Amino acid sequence: STSDFVFVVASVTSENEGFLGAASFATMRKGAAFILLSRAGVVDFDALMESVRNGHIVAASDVFPDEPLAQDHPVRALPGFLRSAHRAGALDIAFKRMGDMVLEDMDLIDRGLPPMRCKRAERETVSRMRSKPVDKN
């Protein structure tokens, strides 16, 4: 209620899908900025657009409920809502860092130690994650 900026970087799980809705946006300070950088599924996107439309908050997002974003989607014409392509994982620095992490773990494994950076996906964690498959990359 007192923050100027709220950044959301949560993945979608069975427990938090749609957990940020109209009530959450209403508690934000008038004029605050809501920045969604992870997955659209954690937000009630219609409620987010309505909070921007009525001037309570401004928003920015690089993720949307359906991607690619339809040409006629109302968020495209919504003043106060900054849109961007979701590209963080495709940045050169991200690929370099992933490679560094693999090499660090390979060094540990070569010395008989367990990997510390790259972890095995645990069945309990993976079963809680939600994502929509994409047909094109």
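**Fold, sheet and core of the predicted chain**

The secondary structure of the chain comprises four helices and four strands, where helices (H or I, at least four residues) and strands (E, at least two) are DSSP runs numbered from the N terminus. The structure is a predicted model, in which local features need pLDDT of at least 70 and side-chain atom pairs count only at pLDDT 80 or more, whereas totals for chains, interfaces and linings use all residues. Residues are numbered from 1 along each chain as its sequence is written, and side-chain values use heavy atoms, with hydrogens and water left out. Followed along the sequence, the chain shows the pattern β-α-β-α-β-β-α-α.

The four strands form an open sheet in the order E1-E2-E3-E4, with parallel pairing; two strands are taken to pair if DSSP finds at least two bridges between them. Strand E1 (5-8) and E4 stand at the edges with a single partner strand each, so one side of each is left without a neighbour in the sheet. Neighbouring strands of this sheet are turned by 15° against each other on average, direction ignored, the axes being lines fitted to C-alpha atoms, for helices over the stretch in contact, and the angles running from 0 to 180 degrees between N-to-C directions. Strands E3 and E4 run parallel and are joined by three bridges, and Ala 60 has Leu 82 in E4 as its bridge partner. The loop between strand E3 (58-61) and strand E4 (81-83) holds Pro 65, which is partly exposed, with a relative accessible area of 30%. Between Pro 65 and Val 42, which are 23 residues apart in sequence, the C-alpha to C-alpha distance is 9.7 Å.

Of the 137 residues in the chain, 27% are buried, where buried means under 20% relative accessible area, exposed over 50%, and partly exposed in between (1.4 Å probe, protein chains only). The largest nonpolar core has 24 residues, and those with the most contacts inside it are Phe 25, Phe 34, Phe 45, Leu 48 and Phe 81; such a core is a set of buried Ala, Val, Leu, Ile, Met, Phe, Trp, Tyr and Cys residues joined through side-chain atoms within 4.5 Å. Strand E2 (33-36) and helix H2 (45-53) each supply at least two residues of this core, and the largest share, five residues, comes from H2. When residues up to four places away in sequence are not counted, the residues that Phe 25 touches include Phe 34, Val 43, Leu 48 and Ile 57, contact meaning heavy atoms within 4.5 Å.
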